[in-house]
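I opened a new notebook page for this one. Here is what I looked up, in the order I went.

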Amino acid sequence: MTTIGTRAPGIALTGPVAWQRTSAVGTELVFPGTAGAGGTAVVTGADPYTLDWRAGLDDDSAVTEFAASCRGAGWTRTLEMRRTGDGWVTTAEGLGEAGPPPAELEPSALILLAGSPIFLFWAVRHLGLTIESGPVKVTAIRVAVPSLAISTGPITCHLVSANRLRVTGDGPAGTYELDDSGMVTYQPGQLRQVR
């Protein structure tokens, strides 16, 4: 896996953060770094897997570099993405039926890693969402797990109250409870922050 990031993010985490998944038995632990963050998830169920990822951020909390490795019984998949002025450079191995990443991805698109709430925290910060701003429509690059398949499409992020975020779009809609910093603390039936 490549070393990620060379610039410090505008909004830095002050320490590790963890979420327990409630839809399937699993946990994600995220550690802040000097130029982004890294995380590890362990999920059980019909297709148990481990996921390790790193994300580099710019000064506006936008993900500019992303690398992930996902492992299960007898398989490993990797994905690396780096934003350039013209788009994203992506490389992948072992994606199988998911196929190769799309050749062209919008440079300003937000990256959302499925089941990883820290990416929503960065999206809220990057978009500067407030209650007054109303719904904001953007293009998202969704990375599925455990397949690491990429899909793109519009999403709408709406801070419906000071501590509630609603995300709708091509994928399933979701409502998230946030703390005062904008960090996701709870999604009904899906996850909760562990303190």
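I call a residue buried when its relative accessible area is under 20%, exposed when over 50%, and partly exposed in between (1.4 Å probe, protein chains only). My helices (H or I, at least four residues) and strands (E, at least two) are DSSP runs, numbered from the N terminus.

A note on the source: this is a predicted model, where local features need pLDDT of at least 70 and side-chain atom pairs count only at pLDDT 80 or more, while totals for chains, interfaces and linings use all residues. Residues are numbered from 1 along each chain as its sequence is written, and side-chain values use heavy atoms, with hydrogens and water left out.

Entry: helix α1. I looked up residues 118-127 and found seven of the 10 buried, so α1 is largely enclosed by the rest of the structure. The buried ones are Ile118, Phe119, Leu120, Phe121, Trp122, Ala123 and Val124. Just after α1, I noted Gly128 with a positive phi of about 65°.

Entry: the core. A nonpolar core is a set of buried Ala, Val, Leu, Ile, Met, Phe, Trp, Tyr and Cys residues joined through side-chain atoms within 4.5 Å. The largest has 52 residues, and among those touching the most other members are Ile118, Phe119 and Trp122. α1 gives the most to this core, with seven residues.

Entry: Gln193. I found Gln193 in strand β14 (residues 191-194), and Gln193 is buried at 12% relative accessible area. Its side chain makes a polar contact (N or O atoms within 3.5 Å; within protein, one must be able to donate a hydrogen and the other to accept it, and residues adjacent in sequence count only if both atoms are side-chain atoms) with the side chain of Arg195, at 3.3 Å.
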